[in-house]
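The sequence and structure come first, then the notes.

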Amino acid sequence: GRPAALSGGRQCRDSTQRAGELFEAALRLSPDHLMALNGLAQAMVMGWGSQWYTGSSEGHLEALDRVVDKVLAIKPDDALATYLRGYVLKRLRKDLNQALAAFERAIAIDPNLAVAHNYVGQTKVFLGRANEAAEHTLKAIQLSPRDPELARWCYQLALTYIHQQRDDEAVERSEERRVGK
């Protein structure tokens, strides 16, 4: 799961920035520490998704790409870094096919990596393969039912159902999250 500092509100912004600073400090002491590298990368993703970065969006994603490169150079089968590679491929390189391959590889490494399942579903919708997407988003929800991103995943699932012309299920799914079920 995600560090507690990376989930929710103004405090989340401050906590995320502080977490990034602490991961960077740890990396000055031990530049190849995988947990610190992955923690920094997660803080960077949270910062990018929430637009909590200085400089350009592209520059922030390029910095994230360098962190991911370093993790994968140390441990090529790191599931989290492989997922993050997919994130960079999707967001920075705009290469959905390669991003999908990275997300699927992350799942092959760690079948319980909920966020990778979610991104497989999302990417398949973007690629026009909505009929293959719902099972992946549902798997993410099953694996991490209290995930800070759960509301987004449910929204994504509703959009997937709309693409599949399953409108009643889309409404049901969005109502379920709205009332907090």
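Axes are lines fitted to C-alpha atoms, for helices over the stretch in contact, and angles run from 0 to 180 degrees between N-to-C directions. Helices are DSSP runs (H or I, at least four residues), numbered from the N terminus. The model is predicted: local features need pLDDT of at least 70, side-chain atom pairs count only at pLDDT 80 or more, and totals for chains, interfaces and linings use all residues. Residues are numbered from 1 along each chain as its sequence is written, and side-chain values use heavy atoms, with hydrogens and water left out.

**Helices α5 and α6**

- The axes of α5 (residues 96-109) and α6 cross at roughly 155° and come within 9 Å.
- α5 and α6 therefore count as roughly antiparallel (over 145 degrees).
- Contact (heavy atoms within 4.5 Å) involves L96, L100, F103, E104, A106 and I107 of α5, and A116, H117, Y119, V120, T123, K124 and F126 of α6.
- By class, this contact of α5 with α6 has 9 nonpolar, 2 polar and 2 charged residues (Ala, Val, Leu, Ile, Met, Phe, Trp, Tyr, Cys and Pro are nonpolar, Asp, Glu, Lys and Arg charged, the others, Gly among them, polar).

**Helices α4 and α6**

- α4 (residues 79-91) packs on α6 (residues 114-126) at about 30°, with the axes 10 Å apart.
- α4 and α6 are therefore roughly parallel (under 35 degrees).
- Y83, Y87, K90 and R91 of α4 meet V115, A116, Y119, Q122, T123 and F126 of α6.
- The contact of α4 with α6 divides into 6 nonpolar, 2 polar and 2 charged residues.

**Cysteines**

- The disulfide count is 0 (cysteine sulfur atoms within 2.5 Å).
- C12 is buried at 3% relative accessibility (under 20% relative accessible area, 1.4 Å probe, protein chains only).
- C154, at 1% relative accessibility, is buried.

Definitions and conventions:
Helices (H or I, at least four residues) and strands (E, at least two) are DSSP runs, numbered from the N terminus. Angles under 35 degrees count as roughly parallel, over 145 as roughly antiparallel, 65 to 115 as roughly perpendicular and the rest as oblique. Buried means under 20% relative accessible area, exposed over 50%, partly exposed in between (1.4 Å probe, protein chains only).
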